[in-house]
Amino acid sequence: MHIERIEELQMGSPDAVRVPLIGHALCAGFPSPADDFLEGALELPRWLVPNPPATFLWRIAGSSMEAAGIYDRDLACVDRSLKPGHGSVVVAAIDGQMSCKRLVIDGNVARLAFCNPDLPAFAVEEMGEGVIWGVVRFSIRWHIARGRLA
């Protein structure tokens, strides 16, 4: 078995796929990203992104998912083709606002939970309008001091 390092992948290689990077602003009730909201794209190895047409990268804002290992300014790789299950980290449209939460299923009740013990989980039916938009497959975090991201 040969394992390629990410830096060995050539741009435009058949072993790499372009994944759109979605900007911060999303329209209320918007079901899928539009070109107006794309900041660009990153090329990632195909083995990280098995379903490129259903996969998007989003910048994370805030600290509510830190216990899940997702920090402010990380990039979350969201796959819309994955079926969410108990414990999945998901992106949900809650009253038209996109949010990253953990899906907790307790019997017949689905809840969206912050990964912060100081913030309570809330039942999906308690939201005015909510839909699970996709499942976070992985996140990308920088481990060096960084200024403003380009």
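Among contacts (heavy atoms within 4.5 Å) between residues at least 6 apart in sequence, 58% join residues at least 24 apart. This is a predicted model, where local features need pLDDT of at least 70 and side-chain atom pairs count only at pLDDT 80 or more, while totals for chains, interfaces and linings use all residues. Residues are numbered from 1 along each chain as its sequence is written, and side-chain values use heavy atoms, with hydrogens and water left out.

**Overall make-up**

The protein has nine strands and zero helices; these are DSSP runs numbered from the N terminus, with helices being H or I of at least four residues and strands E of at least two. Of its 150 residues, 37% are buried, meaning under 20% relative accessible area, with exposed over 50% and partly exposed in between (1.4 Å probe, protein chains only).

**Strands β3 and β4**

Let's turn to two covered strands. In β4, five of five residues are buried: Leu75, Cys77 and Asp79 point one way, and Ala76 and Val78 the other way. In β3, five of five residues are buried as well, with Thr55, Leu57 and Arg59 pointing one way and Phe56 and Trp58 the other way. In a regular strand the side chains alternate between the two faces of the sheet.

Here is how these strands pair; two strands pair if DSSP finds at least two bridges between them.

| β3 and β4 | antiparallel | five | Leu57 and Cys77 |

**Nonpolar cores**

A nonpolar core is a set of buried Ala, Val, Leu, Ile, Met, Phe, Trp, Tyr and Cys residues joined through side-chain atoms within 4.5 Å. The largest one holds 14 residues, and Ile70, Cys100, Trp133 and Val136 have the most contacts inside it. At least two residues of this core come from each of β3 (55-59), β4 (75-79), β5 (89-94) and β9 (130-140). Leu44, Val49, Leu75 and Cys77 are among the ten residues of a second, separate core. Setting aside neighbours within four places in sequence, Val136 is in contact with Ile70, Ala76, Cys77, Val78, Val89, Val90, Val91 and Cys100.

**Two residues up close**

Ser99 belongs to strand β6 (residues 97-106). Ser99 counts as buried because its relative accessibility is 17%. Its side chain makes a polar contact with that of Lys101 at 2.4 Å; such a contact is a pair of N or O atoms within 3.5 Å, where within protein one must be able to donate a hydrogen and the other to accept it, and residues adjacent in sequence count only if both atoms are side-chain atoms. Beyond neighbours within four places in sequence, Ser99 is in contact with Val90, Val91, Ala92 and Ile94.

Leu82 sits in the loop between β4 and β5. Its relative accessibility is 30%, so Leu82 counts as partly exposed. Not counting residues up to four places away in sequence, Leu82 touches Val135 and Arg137. The C-alpha atoms of Leu82 and Ala54 are separated by 9.0 Å, and these residues are 28 apart along the chain.
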